[in-house]
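Hello,

Here is the structure we discussed handing over. My notes on the side-chain contacts follow below.

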Amino acid sequence: SGFNSIGHMDTMRRGRHHIGHYKDGEEFIQNVFHVLYLLFSGKEKSNLSICWLQYEIFKVVQCLQTKNKKKLKAQGKKSKKLAKNLLKAPDNRNDLSLWKLYAYLEWLLGNIDDARKVFDTALCTAGTGGLKSPQLCSLSLLYAQLEVELLESLEGAVTSRAVHILTKLAESGPYVSYNGQVLSVNVLKARKTYEHALQDYLNKTPVSDRDQVGDSNQLVNLVGCYAVFQYLTVGIDAAVLIYAQALEKLEVPDPQKCENTGANFGIQNFPTALEAVTLLHTNLLRFHMKIRVYPLNPLREALTEALKRYPGNQPLWRSYIHIQRKSHSASKARRFFDGVTRSTSSLEPWLFAIQAEQMRKKLTEHVQRADVSEIHSTIPETGLTNRIIALFEHAVQSENGTHCPLLWRMYLNFLV
């Protein structure tokens, strides 16, 4: 058929039929995975297996977004078959990261009980590393987060499955499946263990760069587990305090000061840990606002601070747009976008500024075209079209914007 798009190219209108992967491109990608899988062994093989399963999960998430049940069922079947085959490989049998992804896949497909069985099996076979095992911490954190999302309120959360998972992790003993209750004495012991473990990590100075990467990942998992534990057993303020402690310690100091004093700031040199902790913090605040009445300001402040520091972080921008959408005053958000685009060469602020204005325009048009006898314009149309075109013009003139096909396609699509 001549020239085909390879892999995943989203069309602009994310309609039910427009999203997804082209057949030829999909075949190409699957062939690459199959060929590489035979060439690797050991750690490389398990890393490739993780990438492959993440790619399959990404396709399942797409099917969930488009609410296409038929496609979801077919894709789910394929992805599960692949996950089981990957776990059968001798190199992968004890790989907790792969078990974690398989359990997550089952959860996304709506098979909650099956997912719990997979999580429990993985935790039982993982040994008794407790808070010192990075993979065990990461697995327990995801399991607890997914369980928390099922809660409709915080009443009775102290005896929930999530608290049981996090308590067992702190005990460093063999994992026992949830039986419907959690003893208060175990909760108190776990809180002490988390507190000491976090202090030890924050005061630790890693020996080598490699240790530093591992330690920063482990610190993120530890902070995540402890904060969720505090959230369920004490409340939101206690969880926010944990994040505040970690962020204060992880703050990257001025590089010049470090050179002058010759100080080794240890784990602080890894900004990725700081970014990951910030993301956990904002996600928890968003979840809490969903189930309880809670002021918007702490979340807005956390997001604006984080975005000034990490202008390329897409999940943070999505959260920011989500909360700004509820506000009828666009001026504060516009000033913020303007400030960030001036101070960074990242393209994300431009793309999200455009998206925010397009959502505002859509809302305005929806209100103005309401099916009533008279047309009521509750939000006056203040030249949004011209504003969006101006944003596109500035964005495509920036160094990165000039070379971004997505930006040009969005601009053409908007003009059409």
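Lys168 and Glu171 sit 3 residues apart in helix H7 (residues 161–171), which means that about one helical turn separates them. Their side chains form a salt bridge, with 3.2 Å from N to O; a salt bridge here is a side-chain nitrogen of Lys or Arg within 4 Å of a carboxyl oxygen of Asp or Glu. Helices are DSSP runs (H or I, at least four residues), numbered from the N terminus. Glu171 is partly exposed, at a relative accessible area of 37%. Buried means under 20% relative accessible area, exposed over 50%, and partly exposed in between (1.4 Å probe, protein chains only).

This is a predicted model: local features need pLDDT of at least 70, side-chain atom pairs count only at pLDDT 80 or more, and totals for chains, interfaces and linings use all residues. Residues are numbered from 1 along each chain as its sequence is written, and side-chain values use heavy atoms, with hydrogens and water left out.

The whole structure holds 11 salt bridges. Another of them joins Glu106 and Lys80 at 3.6 Å, N to O. Glu106 belongs to helix H4 (residues 96–108) and Lys80 to helix H3 (residues 69–88), so this bridge ties together parts 26 residues apart in sequence. Glu106 is buried at 3% relative accessibility, while Lys80 is partly exposed at 22%. Glu56 and Lys59 also form a salt bridge (3.1 Å, N to O), and both residues are buried.

On the nonpolar side, the largest core has 114 residues, and Tyr194, Tyr231, Leu232 and Leu407 have the most contacts inside it. Such a core is a set of buried Ala, Val, Leu, Ile, Met, Phe, Trp, Tyr and Cys residues joined through side-chain atoms within 4.5 Å. Helix H9 (residues 209–233) supplies the largest share, 11 residues.

There are 15 aromatic pairs in the whole structure. Rings of Phe, Tyr and Trp (its six-membered ring) pair if their centres lie within 6.5 Å; planes under 30 degrees apart count as stacked, over 60 as edge-to-face and the rest as tilted. Tyr194 and Tyr226 make a stacked pair, 5.5 Å between centres and 5° between planes. Tyr194 is in helix H8 (residues 184–202) and Tyr226 in helix H9, so the pair links parts 32 residues apart in sequence. Tyr194 is buried, with 0% relative accessible area. Tyr226 is buried too, at 4%.

Ring pairs also join Trp317, Tyr320, Phe336, Phe337 and Phe352 into a cluster. Within it, both Trp317 and Phe336 are buried.

Regards

Key
Helix = DSSP H or I, 4+ residues; strand = E, 2+ residues; numbered from the N terminus.
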